[in-house]
Protein chains: 2
Amino acid sequence: MQDSKIRNMEEFAAISGISRPTVSKYFNDPASVRKSTRDRIEKALEEHNYRPNIYAINQNRRTSKSIGVVVPYLADPFFAEMARHIERRCIAAGFWPILFSSHGETQLEIDILDSLLSLKPAGVLLAPLGRASDRRAVEKFCHDVPTVLFDSNLEGVGKAFVGSNNFHSIGLIVEYLCRTGEPPCFFEMPPVNPNANTRRHAYIRTMEALGHKAHVIHVEAQGWGFEEVGYSEGKKVISDGRLPTDTILCSNDRLAIGLLAAAYEKGMRVGRGPGFALRIAGHDDHPFSKFTSPSLTTIAQDYAAITEYSVETLFRLIETDSKNAERETKLFESRLVMRASA
Amino acid sequence: MQDSKIRNMEEFAAISGISRPTVSKYFNDPASVRKSTRDRIEKALEEHNYRPNIYAINQNRRTSKSIGVVVPYLADPFFAEMARHIERRCIAAGFWPILFSSHGETQLEIDILDSLLSLKPAGVLLAPLGRASDRRAVEKFCHDVPTVLFDSNLEGVGKAFVGSNNFHSIGLIVEYLCRTGEPPCFFEMPPVNPNANTRRHAYIRTMEALGHKAHVIHVEAQGWGFEEVGYSEGKKVISDGRLPTDTILCSNDRLAIGLLAAAYEKGMRVGRGPGFALRIAGHDDHPFSKFTSPSLTTIAQDYAAITEYSVETLFRLIETDSKNAERETKLFESRLVMRASA
DNA sequence: TAATTTTCTTTACGCGCGTAAATTTAAATC
DNA sequence: GATTTAAATTTACGCGCGTAAAGAAAATTA
């Protein structure tokens with residue numbers, strides 16, 4: 001592979017002995033040219049390392065081969081994992097994923113969608129901020145670009161939503177906790193997205209169904225610093241003796257991680273069985289939940305299934321170009337992960 | 001702001017009443033046109049929401065306004081934080097950051113650099129995989145694109161390296177640990193990058209300087225799953241009674257988090273003072289280190305300083321277009337963060 | 001071998017913008 | 001108000017590619 005000085009497709013075509021339009025055809029779909037021509041092009045390609053100029057390619061196309069991936073908060077390993085899965089699948093399908101994080105900020109999310117628009121992406125996978133999202137901006141964007149929402153739903157926005165069935169998962173863990181000890185109270189997360197409310201409702205409903213009194217520990221805090229919220233609010237709640245039960249179900253794992261730290265600092269042993277003062281459970285199976293002290297009992301969302309379905313739904317949308325397809329909602333069931341904390 | 005059907009700069013120029021070349025000039029640098037014209041353009045901009053086609057813009061440029069940001073492993077919140085800081089600064093400077101994660105894989109890093117090349121970025125900020133990097137591929141890339149390495153150094157590659165002074169930081173914490181209790185042994189991380197070796201050397205040298213015998217706990221494990229390594233290797237080491245001292249300095253926080261989990265499971269209380277069986281310290285001030293149980297004593301790398309200097313160095317390189325500038329190495333000092341674990 | 005189908009070549013145009021040169025217009029200086 | 005200087009306009013070309021149309025060449029079928 002010589003370090004080539006090929007400037008454009010014209011020159012490359014000349015070298016490979018194939019006409020430029022045919023070479024162009026090859027790059028758009030290698031299978032669209034005869035095998036013998038394909039071989040000649042690929043031979044030249046090995047020797048000269050030419051790649052078409054992406055900017056020139058996309059200038060005339062209505063859409064590019066890129067796919068926007070937007071998550072609300074990338075410093076959260078949960079979303080980092082999601083993004084990783086999605087990236088893989090996109091690449092495997094011949095697309096080019098471009099990752100963005102809204103960093104929890106409304107304006108940044110708007111700006112990202114705005115930039116994305118000018119990238120003419122084939123489609124977008126969006127985990128919106130949620131409550132902090134500018135609904136109208138997102139709506140408008142989804143009108144122009146095939147978009148699949150995941151993780152956090154904005155009712156009616158986008159061509160599809162893929163997420164977890166919070167009612168199922170919360171039901172699972174509440175039932176488990178009730179069965180194995182005191183019924184849990186519910187440690188709320190800041191209401192950044194619909195999941196916050198859905199999980200609280202699911203908790204209340206399940207408790208009522210089981211004939212127990214629900215008890216929600218409300219937090220005033222805002223933003224995405226969940227560990228800090230769990231920690232500081234947790235210390236307060238413990239100090240004030242406001243815990244109505246020895247079992248706490250946290251709205252998500254990061255909150256639980258903070259709460260574990262608070263409990264530790266307050267000298268309360270967390271775990272199940274005699275000798276333990278508190279049971280703490282989370283939700284999401286955060287990548288680090290296995291390594292907390294004690295390890296965290298939680299609900300594992302089906303990362304793989306959610307991302308796979310999201311991406312495949314998007315591909316379907318792209319192919320069928322269905323402007324007026326009906327919006328689809330797909331919820332996956334999660335599974336209980338029993339560890340040491342509850 | 002009407003939903004406009006403006007197709008190109010020509011049309012927009014007509015509407016704004018300014019000639020197209022001048023409008024083009026405006027978009028390249030608003031300050032380069034007279035205030036009165038700027039106002040007219042911006043007025044039209046408010047009313048018609050036109051944006052130049054990025055693909056057409058970049059087709060003729062030698063470089064684009066985008067800046068590649070490549071980290072080895074985005075599921076590590078340490079890198080997520082780094083990326084976040086970098087993104088901010090790039091945007092503030094009018095550039096367009098594009099984030100990539102190598103996910104710990106050699107081939108992916110190569111592919112990313114390859115794609116990046118065709119994006120004609122103004123510059124690249126690269127935290128290389130390290131040992132797993134294809135040195136020649138990275139070298140070649142750096143030859144074509146102004147690149148600043150950060151976090152992990154590849155000697156001689158790129159126009160600059162910005163990172164932490166491991167000798168200083170390890171010195172700090174070793175000294176602290178020796179002063180306040182038993183001299184530490186050193187729990188190695190998988191040798192994914194030069195930091196692994198540098199930190200081990202720094203540990204050994206500091207111990208010798210202080211007149212203590214160094215003791216390194218070697219791990220066979222590979223890859224970026226540090227928590228798992230710390231956890232499983234930690235359990236083994238504890239079970240086998242291979243701990244030469246009650247104080248363990250981990251090569252990084254994620255390792256320490258795993259080790260904390262192992263210690264907890266083995267019933268060893270971690271902390272300083274009477275009644276504690278083990279002291280554990282880390283390195284990096286991982287975003288979650290504050291919330292481990294007990295909270296982790298560690299070394300805080302100066303995120304802000306490192307990212308700021310990296311970005312500014314890159315901007316300098318871009319501006320001066322210094323093909324043959326001398327390679328610069330800048331190391332920042334870190335600070336000791338005393339928490340409960342040691 | 002002739003007829004048909006597929007694939008390739010030739011030729012040509014356009015995409016939306018950057019940018020250079022020559023000219024005109026407006027602002028700043030005296 | 002005349003002169004200098006700065007900024008806009010007009011005109012024109014080119015970037016690297018997609019793509020359409022018409023005809024030539026190759027592969028396939030009869």
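Predicted model: local features only at pLDDT ≥ 70, side-chain atom pairs only at ≥ 80, totals over all residues.
**Exercise 1. Which backbone oxygen lies 3.2 Å from a polar atom of the side chain of A:Thr247?**

*Solution.* 
- Step 1: Start with the location. A:Thr247 belongs to strand E8 of chain A, residues 247-250.
- Step 2: Look for the oxygen. The backbone oxygen belongs to A:Glu182, and it lies 3.2 Å from a polar atom of the A:Thr247 side chain.
- Step 3: The side chains of A:Thr247 and A:Arg279 are joined by a polar contact of 3.0 Å.
- Step 4: Check the burial. A:Thr247 has a relative accessible area of 0%, so this residue is buried.

**Exercise 2. Check the span of helix H5 in chain A, then find what its buried residues pack against.**

*Solution.* 
- Step 1: H5(A) has 16 residues, 77-92, and at 1.5 Å a residue it should span 22 Å.
- Step 2: Compare with the model. The end C-alpha atoms are 23 Å apart, which agrees.
- Step 3: Inspect the two ends. At the start, a side-chain oxygen of A:Asp76 comes to within 2.9 Å of the backbone nitrogen of A:Phe78. Just after the helix, A:Gly94 has a positive phi of about 85°.
- Step 4: List buried residues. Among them are A:Phe78, A:Phe79, A:Met82, A:Ile86 and A:Cys90.
- Step 5: Find their partners. The buried residues of H5(A) pack against strands E1, E2, E3 and E4 and helix H12 of chain A, together with helix H5 of chain B.

**Exercise 3. How do the axes of H5(B) and H12(B) cross?**

*Solution.* 
- Step 1: Take the distance and angle. The axes come within 9 Å and cross at roughly 45°.
- Step 2: Classify the angle. It makes H5(B) oblique to H12(B).
- Step 3: The crossing of H5(B) and H12(B) is right-handed.
- Step 4: Name residues that meet. From H5(B) they include B:Phe78, B:Met82 and B:Ile86, and from H12(B) they include B:Tyr303, B:Val311 and B:Phe315.

**Exercise 4. Locate some backbone exceptions.**

*Solution.* 
- Step 1: Recall the rule. Most residues other than glycine have a negative phi, and most peptide bonds are trans.
- Step 2: Look at phi. A:His103 has a positive phi of about 50°, and this residue counts as buried at 10% relative accessibility. B:Asp151 has a phi near 65° and is buried, at 8%.
- Step 3: Look at peptide bonds. The bond from A:Ser293 to A:Pro294 is cis, with omega near -5°. The bond from B:Ser293 to B:Pro294 is cis, with omega near -5°.

How values were computed. Residues numbered from 1 in each chain as written. Chains lettered and ligands numbered in written order. Heavy atoms only, no water. Helix = DSSP H or I, 4+ residues; strand = E, 2+ residues; numbered from the N terminus. Expected span 1.5 Å × (residues − 1). Buried < 20%, exposed > 50% of the residue type's maximum accessible area, 1.4 Å probe, protein only. Contact = heavy atoms within 4.5 Å. Polar contact = N/O pair within 3.5 Å; in protein donor to acceptor, adjacent residues only side chain to side chain. Axes fitted to C-alpha atoms, helices over the stretch in contact; angles between N-to-C directions. Parallel < 35°, antiparallel > 145°, perpendicular 65-115°, else oblique. Left-handed = near helix turned anticlockwise from the far one by under 90°.
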